[in-house]
Amino acid sequence: MNSSPLVIGLVTWVVVFTAAMVGIWIGARLPESHRTDESRNVVAISMAMVSTLTALVLGLLLSVANTSFRENQEQLMSTSSDLIRMDHLLRLYGPEANEPRVLLRQYAQSMLQDVFPPEGRQRNVENEATLDLVARAENKAALLVPANDTQRWLQPHILDVSDKIIQEHFALVKQRLDAIPNALMVLMLLWLVLLFASFGLFAPAHLTCVLVLLMSSGAASGAVLLIIELETPNRGFVHLSPDPLQHAIEVMDKHASAG
């Protein structure tokens with residue numbers, strides 16, 4: 001979803017509350033034969049099923065979005081620690097490994113820009129130029145010719161860590177592709193509209209009912225807002241922290257200047 005999560009949440013609130021008001025308006029104009037206890041029971045039983053479905057799906061979507069958000073954050077923390085570890089191993093290898101170290105720092109900086117772009121730019125975790133930097137760093141490390149036992153021990157460990165960084169990069173791409181389908185969110189909105197319209201159908205048109213419907217529609221819209229916030233982790237009120245990647249860059253830059 002390209003729109004701001006807050007805008008979508010507010011639009012959802014307006015649409016759902018409007019449905020409740022339309023329900024009140026229609027209910028006030030229904031003939032008495034349509035306002036019998038039997039009619040109320042049919043509406044109540046039917047909407048109980050819709051209400052149960054809505055609650056179950058909302059809970060499921062919140063769980064999926066929260067899991068995806070936590071996996072994204074853990075992935076960034078894991079990538080950060082692996083970047084620091086690979087830089088450390090390359091530094092131990094010696095001056096011969098300076099070129100892959102430079103490429104690794106460039107990868108970290110490019111990754112930070114892709115995952116946490118400046119205001120106005122879209123997140124781009126599929127940037128091939130960024131992935132090429134870590135692939136070149138791995139290739140340069142593989143081409144190193146060990147001159148002693150220490151370097152022979154270090155080289156396979158360096159390649160193992162670089163391979164893990166590449167896997168973590170693709171894991172971020174996969175998590176983006178696993179986003180909740182827009183069609184499911186639209187279906188959820190339609191269920192909420194139907195549900196709140198039924199709430200208003202037999203509700204008396206006084207201030208207390210209107211305020212209760214306003215607050216309850218806001219609560220339901222808040223759940224939709226939270227799902228979208230968790231699904232767009234690079235912007236909004238709930239977002240990923242760039243601190244792990246920034247820390248990795250700071251550590252690598254510090255050792256680069258010290259070396």
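View 1. With a relative accessible area of 0%, S162 is buried (under 20% relative accessible area, where exposed is over 50% and partly exposed lies in between, using a 1.4 Å probe and protein chains only). This is a predicted model, in which local features need pLDDT of at least 70 and side-chain atom pairs count only at pLDDT 80 or more, while totals for chains, interfaces and linings use all residues. Residues are numbered from 1 along each chain as its sequence is written, and side-chain values use heavy atoms, with hydrogens and water left out. S162 belongs to helix α5, residues 149–177 (helices are DSSP runs of H or I with at least four residues, numbered from the N terminus). A polar atom of the S162 side chain lies 2.8 Å from the backbone oxygen of L159. When neighbours within four places in sequence are left aside, S162 is in contact with M86 and E138 (contact means heavy atoms within 4.5 Å).

View 2. T12 sits in helix α1, residues 5–28, and counts as buried because its relative accessibility is 5%. Apart from neighbours within four places in sequence, T12 is in contact with L189, S221 and V224. The axes of α1 and of helix α6, residues 182–201, come within 7 Å and cross at roughly 35° (axes are lines fitted to C-alpha atoms, for helices over the stretch in contact, with angles from 0 to 180 degrees between N-to-C directions). On the α1 side the contact is made by residues including T12, V15 and V16, and on the α6 side by residues including L189, L192 and F196. By class, this contact of α1 with α6 has 12 nonpolar, four polar and no charged residues (Ala, Val, Leu, Ile, Met, Phe, Trp, Tyr, Cys and Pro count as nonpolar, Asp, Glu, Lys and Arg as charged, and the others, Gly among them, as polar).

**View 3. The aromatic pair F196 and F199.** The count of aromatic pairs comes to one (rings of Phe, Tyr and Trp, the last by its six-membered ring, pair if their centres lie within 6.5 Å, and planes under 30 degrees apart count as stacked, over 60 as edge-to-face and the rest as tilted). F196 and F199 form an edge-to-face pair, 5.1 Å centre to centre, with 70° between the planes. Both residues lie in helix α6, three residues apart, about one turn of the helix. F196 counts as buried at 4% relative accessibility, whereas F199 is partly exposed, with a relative accessible area of 39%.

Key
Helix = DSSP H or I, 4+ residues; strand = E, 2+ residues; numbered from the N terminus. Polar contact = N/O pair within 3.5 Å; in protein donor to acceptor, adjacent residues only side chain to side chain.
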